[in-house]
Amino acid sequence: MTDQRIAVVTGASSGIGAASARALAAEGFRVVCAARRTDRIEALAAEIGGEAIALDVTDADSVGALAARLDVVHVLVNNAGGAFGSEPVEQGDPEQWRAMYDVNVVGLMRVTQALLPALRASGEALILNIGSIAGRVTYENGGGYTAAKHGTRAVTETLRLELNGEPIRVSEVAPGMVRTDEFALVRFGGDRAAAEKVYEGVAEPLVAEDVAEAVRWIATLPAHVNIDELVIKPVAQAAPHKVHRV
Ligand code: 8X3
């Protein structure tokens with residue numbers, strides 16, 4: 001038996017998820033690194049003294065198997081998510097829209113449902129959802145993603161209302177432009193030139209560690225302090241569509 005606090009991070013195989021896992025481990029959490037790509041999460045877990053559990057948030061059996069292995073969880077970081085496609089609504093692909101809703105909204109709901117008993121068992125829990133500025137404003141060619149991330153925000157707020165009276169904090173960290181290895185590349189279907197263009201001329205986009213620092217801060221605040229939402233953008237980005245480029 002250990003008194004080490006347990007954190008679960010979904011989408012821990014790269015980017016903000018991996019950085020958050022490292023930041024929480026540095027604060028003394030035992031971190032369960034959950035994602036589909038087992039080679040990556042196994043390497044990360046070995047690096048930070050955590051545990052790797054394969055997880056596909058869009059698969060109910062996979063989520064159930066994760067929950068079956070965890071009796072107590074103090075912090076859940078619902079980070080798994082992403083953008084697929086960049087077309088105007090007129091040309092939007094229903095399958096891509098459905099996939100975005102599935103991972104950014106339904107997946108988050110599935111994991112939260114499954115882990116709520118373990119979160120309750122901790123006595124003082126935190127559910128921290130990684131949202132986006134795309135959950136606050138809309139922008140052209142982002143309709144499917146902004147709709148999904150508005151969903152992430154709506155679920156977060158609903159959960160806070162429903163869990164009111166329980167010692168469970170519910171937070172959302174909503175980043176703007178974060179330069180990671182995969183986010184833009186996935187959005188543009190592997191088109192590296194299109195992905196690079198997102199960050200073109202931006203002196204200093206955020207990096208995953210900037211967001212992980214916000215996750216770390218929220219997770220280590222006293223248990224009565226709930227950060228409802230924290231929007232974090234690079235100084236060059238005043239809005240999704242207002243970015244200073246040199
Ligand atoms: C990612 C931020 O600006 O691409 O969630 O919507 S943005």
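This is a predicted model: local features need pLDDT of at least 70, side-chain atom pairs count only at pLDDT 80 or more; totals for chains, interfaces and linings use all residues.

**Notes on the fold and the ligand site**

1. Let me start with helix H2, where Ile41, Leu44, Ala45 and Ile48 are the buried residues. These four span an arc of only 100° around the axis, which places them on the same side of H2. Asp39 and Ala46, on the other side of H2, are exposed.

2. What does H2 connect? The chain passes from strand S2 through H2 (residues 38-48) to strand S3, and this β-α-β crossover is right-handed. S2 (residues 30-35) and S3 (residues 51-54) run parallel and are joined by four bridges. If you want a pair to look at, Val32 has Glu51 in S3 as its bridge partner.

3. Which strands pair with S4? Strand S1 (residues 6-10) runs parallel to S4, and three bridges join them; here Val8 has Leu76 as its partner in S4. S5 also pairs with S4 in the parallel sense, over four bridges, and the partner of Asn78 in S5 is Asn129. With helix H4 between them in the unit, S4 and S5 make a right-handed β-α-β arrangement.

4. Gln91 sits in the loop between S4 (75-78) and H4 (94-121), and with a relative accessible area of 49% Gln91 is partly exposed. Asn141 belongs to the loop between S5 (125-130) and helix H5 (143-162) and is also partly exposed, at 37% relative accessible area. Although 50 residues apart along the chain, Gln91 and Asn141 have C-alpha atoms separated by 9.3 Å. Please also check the backbone of Asn141: its phi is near 70°, a positive value in a residue other than glycine.

5. Now to the ligand. Which residues are around it? They are Ser132, Ile133, Ala134, Tyr139, Tyr145, Pro175, Gly176, Phe183 and Arg187. In the side chain of Ser132, an N or O atom is 2.6 Å from an oxygen atom of the ligand. For Tyr145, a polar side-chain atom lies 2.6 Å from a ligand oxygen atom. In the side chain of Arg187, an N or O atom is 3.2 Å from an oxygen atom of the ligand.

6. Phe183, one of the residues around the ligand, is also contacted by Thr180, whose side chain reaches the backbone nitrogen of Phe183 at 3.3 Å. Thr180 is placed in the loop between strand S7 (178-179) and helix H6 (183-187). Is Thr180 buried or exposed? Its relative accessible area is 18%, so Thr180 counts as buried, the cut-off being under 20%.

7. Helix H8 (residues 208-219) has twelve residues and reaches 16 Å from first C-alpha to last, close to the 16 Å expected at 1.5 Å a residue. Its buried residues include Ala208, Val211, Ala212, Ala214, Val215, Ile218 and Ala219. They cover an arc of only 155° around the axis, which puts them on the same side of H8.

8. Last, S9 (residues 229-232) has a covered face, made by Leu230 and Ile232, and an uncovered one with Glu229 and Val231. Four bridges join strand S6 (residues 168-175) to S9, and the two run parallel. Leu230, on the covered face, is the bridge partner of Val173.

Technical notes:
Residues are numbered from 1 along each chain as its sequence is written. Side-chain values use heavy atoms; hydrogens and water are left out. The expected span of a helix is 1.5 Å times one less than its number of residues. Buried means under 20% relative accessible area, exposed over 50%, partly exposed in between (1.4 Å probe, protein chains only). The arc is that of the directions from the helix axis to the C-beta atoms. Two strands pair if DSSP finds at least two bridges between them. A crossover is right-handed if, with the strands pointing away from the viewer, the path from the first strand over the helix to the second runs clockwise. A residue is near a molecule or strand if one of its heavy atoms lies within 4 Å of it. A polar contact is a pair of N or O atoms within 3.5 Å; within protein, one must be able to donate a hydrogen and the other to accept it, and residues adjacent in sequence count only if both atoms are side-chain atoms.
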